[in-house]
Amino acid sequence: MQLPFLSGLFCGMLIAAIGVSITGMAQSDDQGARTACLTDAQMALPGQDVDAAQSVLPEQARIIPPDSAITQDYRPDRINVDVDEDCVILRVWCG
């Protein structure tokens, strides 16, 4: 009688482990997509003032202040820059 229970428990643990593995792979792929269009200098921008970083950013970079509405279209070559209230760069990402 214990064998079906242990078998079911093993299958459940195996399915959970596979799910965690797949989720981890998807997150790392997503992170790669979010930084694929960036140079090393652009990836080092968080923490800097956005005005001082203009020489490293392309003219068409999208600067995103807090609580701003933005389009959800995905453009892998577009650089997005999230800034805080003091215009300090929080995150630089592609999309």
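How many helices and how many strands are there in the protein chain? In this predicted model, the protein chain holds two helices and three strands. Read from the N terminus, the order of the elements is α-α-β-β-β. The protein chain has 95 residues, and 22% of them count as buried.

The three strands form an open sheet with the order 1-2-3, and the pairing within this sheet is mixed. Strand 1 (62-64) and strand 3 are the edge strands, each pairing on one side only. On average, neighbouring strands of the sheet are turned by 20 degrees against each other, direction ignored.

Strand 1 pairs with strand 2 in the parallel sense, over three bridges. In this pairing, Ile 63 has Val 81 of strand 2 as its bridge partner. Strand 2 (residues 79-83) and strand 3, by contrast, run antiparallel and are joined by five bridges. Several residue pairs can be named along this second pairing. Ile 79 stands opposite Cys 94 in strand 3, Asn 80 has Trp 93 of strand 3 as its bridge partner, and Val 83 stands opposite Ile 89 in strand 3.

Strand 2 and strand 3 also form a hairpin, with five residues between them. The turn of this hairpin contains Cys 87, which has a positive phi of about 65 degrees.

How many of the five residues of strand 2 are buried? Five of the five are, so strand 2 is largely enclosed by the rest of the structure. In a regular strand, side chains alternate between the two faces of the sheet. Strand 2 can be described in these terms: Ile 79, Val 81 and Val 83 point one way, while Asn 80 and Asp 82 point the other way. The residues of both groups are buried.

Ala 61 is found in the loop between helix 2 and strand 1. Its relative accessible area is 14%, and since buried means under 20%, Ala 61 belongs to the buried class. Ala 61 and Arg 78 are 17 residues apart in sequence, and their C-alpha atoms are 6.6 Å apart in space.

The cysteines were considered next. A disulfide is a covalent bond between the sulfur atoms of two cysteines. The model has one disulfide under the distance rule that was applied. The disulfide joins Cys 37 to Cys 94, with an S to S distance of 2.1 Å. This distance lies within the cut-off of 2.5 Å, and the pair is therefore counted as a disulfide. The link of Cys 37 and Cys 94 is left-handed, with -110 degrees about the S-S bond. Distant parts of the chain are linked by this pair, as Cys 37 and Cys 94 are 57 residues apart. Cys 37 is in the loop between helix 1 (2-35) and helix 2 (40-43), and Cys 94 is in strand 3 (residues 89-94).

Cys 94, at 1% relative accessibility, counts as buried.

The largest share comes from helix 1, with three residues. Sorted by class, the lining of the largest pocket has five nonpolar, three polar and five charged residues.

Conventions: Residues are numbered from 1 along each chain as its sequence is written. This is a predicted model: local features need pLDDT of at least 70, side-chain atom pairs count only at pLDDT 80 or more; totals for chains, interfaces and linings use all residues. Side-chain values use heavy atoms; hydrogens and water are left out. Helices (H or I, at least four residues) and strands (E, at least two) are DSSP runs, numbered from the N terminus. Buried means under 20% relative accessible area, exposed over 50%, partly exposed in between (1.4 Å probe, protein chains only). Two strands pair if DSSP finds at least two bridges between them. Axes are lines fitted to C-alpha atoms, for helices over the stretch in contact, and angles run from 0 to 180 degrees between N-to-C directions. Ala, Val, Leu, Ile, Met, Phe, Trp, Tyr, Cys and Pro count as nonpolar, Asp, Glu, Lys and Arg as charged, and the others, Gly among them, as polar.
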